Structures are given as C-alpha cells and as structure tokens.
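Reader: Hey, I've got a new structure to look at and would like a quick tour. Can you walk me through it?

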Amino acid sequence: MTSPRSSENAWLSAFGTEGAVYGNILVSGMIVVAGTYRATAWNVLITVIGTVLVFWAAHVYAGTLSMQVADDGDPHPLSHSFRLALRRSLGMLIAALLPSLVLLLGTLRIVDDQVALWVALWLGVVILGVIGYLVYARRGSSMVVRLLGALSSAGFGMVMVLLKAFVH
C-alpha cells in the first residue's frame, strides 16, 4: 500500500515527464485546431478528452511493448512493463486536467467559449513553464537556469498561441 506522501510524489514526478509535455502540447494543439472551426468549448472539451485518452492509451501500449525486452535481451514480465508504462504516462493525463477544467467553465457558460479557449491555451503556456522550472529546480540548478528552463518550455506553448492567433 502506498502512503499519501508517495502518491503525492508520484503525481509531482509525473508532472515533469515527457508525457506531461506531450499531453500539454497535444491539448494546446487541439484547441488551436478546434478554434479554426469556430467550435464551442463543449466541442473542444470532448475532442480534447477523447484525443488525450487515445494518445495516452497508445503511449501506455507503446511503453509496455518497448519495455518487454531488457537491454540485455531478457524478457520482462508483462505486468511489470505495463505498470512502468502506466506510471511514465501519467503526466499526459495530468497535463490535460487544468485546461480541461477551464474548457468545462466555457461548457457550463460560466465564461464565454472564446475566453475559455484562450485561457486554456495560455494556461498551457504557464504549465509548460512550470514544468521547465520544476525539472531544473529538482536538479538543484541555479535560478538563472531554472528561469531559462521555464522560458524554453513555455516557448512551445507560445508557438501554439501564435498558431491560434494566425489561424484565427
């Protein structure tokens, strides 16, 4: 049985993975594409959830397959590979949570659809920046390196914002 502390660490660790970066950029990309069709927050939310779940399942499947044979050629138990792939892919789901909640606000008409889309997109920039910062903070890097990590990570989100601005 895992303690609350180890569960918390698993969530924080998952936030700084390639899956979290991919998941965040995937969500941002879906918002950009949906915006070209004048989609509502509801349409975008459903598209985001469906797409993230399919990509996450494919990520878990690919991870399980890739871990089936160790570097020394010995096979790993399927259950071990699957659990590792699940853990490594958790970040993809975590990254989609906050932007999805913002899209839900648009769906519930708490905010305008376009406001929800833009806020969710900008939230992606912030999340990417936080991921970059935290990864370098965990390494014990200087504040300058942490900020450069945050800016470089956030830059991917900024590209998505610029795409939406030009496509919109």
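Predicted model: local features only at pLDDT ≥ 70, side-chain atom pairs only at ≥ 80, totals over all residues.

Reader: Fine by me. How many helices and strands does the protein have?

Author: There are 6 helices and 0 strands. Read along the sequence, the pattern is α-α-α-α-α-α.

Reader: What share of the residues is buried?

Author: Of the 168 residues in the protein, 38% are buried. The protein exposes about 9600 Å², and 71% of that area comes from carbon and sulfur atoms.

Reader: And the contacts? How much comes from residues 24 or more positions apart?

Author: Taking contacts with a separation of 6 or more, residues 24 or more positions apart account for 69% of them.

Reader: OK, on to the core. Which residues have the most contacts inside the largest nonpolar one?

Author: Those are V27, I31, V44, V48, V52, L103 and L121, in a core of 23 residues. Helices α2, α3, α4, α5 and α6 each give two or more residues to this core.

Reader: Which helix provides the largest share?

Author: That's α2, with 6 residues.

Reader: You listed V44. What is V44 in contact with, leaving aside neighbours within four places?

Author: V44 is in contact with I31, A34, A39, L103 and L117. V44 is also one of the buried residues of α3.

Reader: Tell me about α3, then. What span does α3 reach, and what would be expected?

Author: Helix α3 covers residues 41-66, which is 26 residues. From the first C-alpha to the last, α3 reaches 36 Å, close to the 38 Å expected at 1.5 Å a residue.

Reader: Which residues of α3 are buried?

Author: They are A41, V44, L45, V48, T51, V52, V60, G63 and T64.

Reader: Nice. Now α4: is V102 buried or exposed?

Author: V102 lies in helix α4. V102 counts as buried because its relative accessible area is 13%, under the 20% cut-off.

Reader: What does V102 touch, not counting residues up to four places away?

Author: V102 touches A116, V119, A120 and L123.

Reader: Switching to charges. How many salt bridges turn up in the whole structure?

Author: A search finds 2 salt bridges. One joins R88 and E18, with the closest N and O atoms 3.5 Å apart. That pair links distant parts of the chain, as R88 is in helix α4 and E18 in helix α2, 70 residues apart.

Reader: How accessible are R88 and E18?

Author: R88 is partly exposed at 46% relative accessible area, and E18 is also partly exposed, at 36%.

Reader: And what does D113 pair with?

Author: D113 forms a salt bridge with R109, and the closest N and O atoms are 2.9 Å apart. D113 is buried, at 13% relative accessible area, whereas R109 is exposed, at 58%.

Reader: Where does R109 sit, and what is the phi of R109 near?

Author: R109 is in the loop between α4 and α5. Phi of R109 is near 65 degrees, a positive value in a residue other than glycine.

Reader: Last topic: the surface. Which residues form a nonpolar patch there?

Author: The patch is made of L98, L101, L104, L105, L108 and I110, with about 550 Å² of accessible area together.

Reader: Why does L108 count as exposed?

Author: L108 counts as exposed because its relative accessible area is 54%, and the cut-off for exposed is over 50%.

Terms used:
Residues numbered from 1 in each chain as written. Heavy atoms only, no water. Patch = residues over 30% accessible without salt bridge, like charges linked within 9 Å, V, L, I, M, F, W, Y side chains within 5 Å. Areas by Shrake-Rupley, 256 points an atom, 1.4 Å probe, with all protein chains shown as cover. Salt bridge = Lys/Arg side-chain N within 4 Å of Asp/Glu carboxyl O. Buried < 20%, exposed > 50% of the residue type's maximum accessible area, 1.4 Å probe, protein only. Helix = DSSP H or I, 4+ residues; strand = E, 2+ residues; numbered from the N terminus. Contact = heavy atoms within 4.5 Å. Expected span 1.5 Å × (residues − 1). Core = buried A, V, L, I, M, F, W, Y, C linked by side-chain atoms within 4.5 Å.
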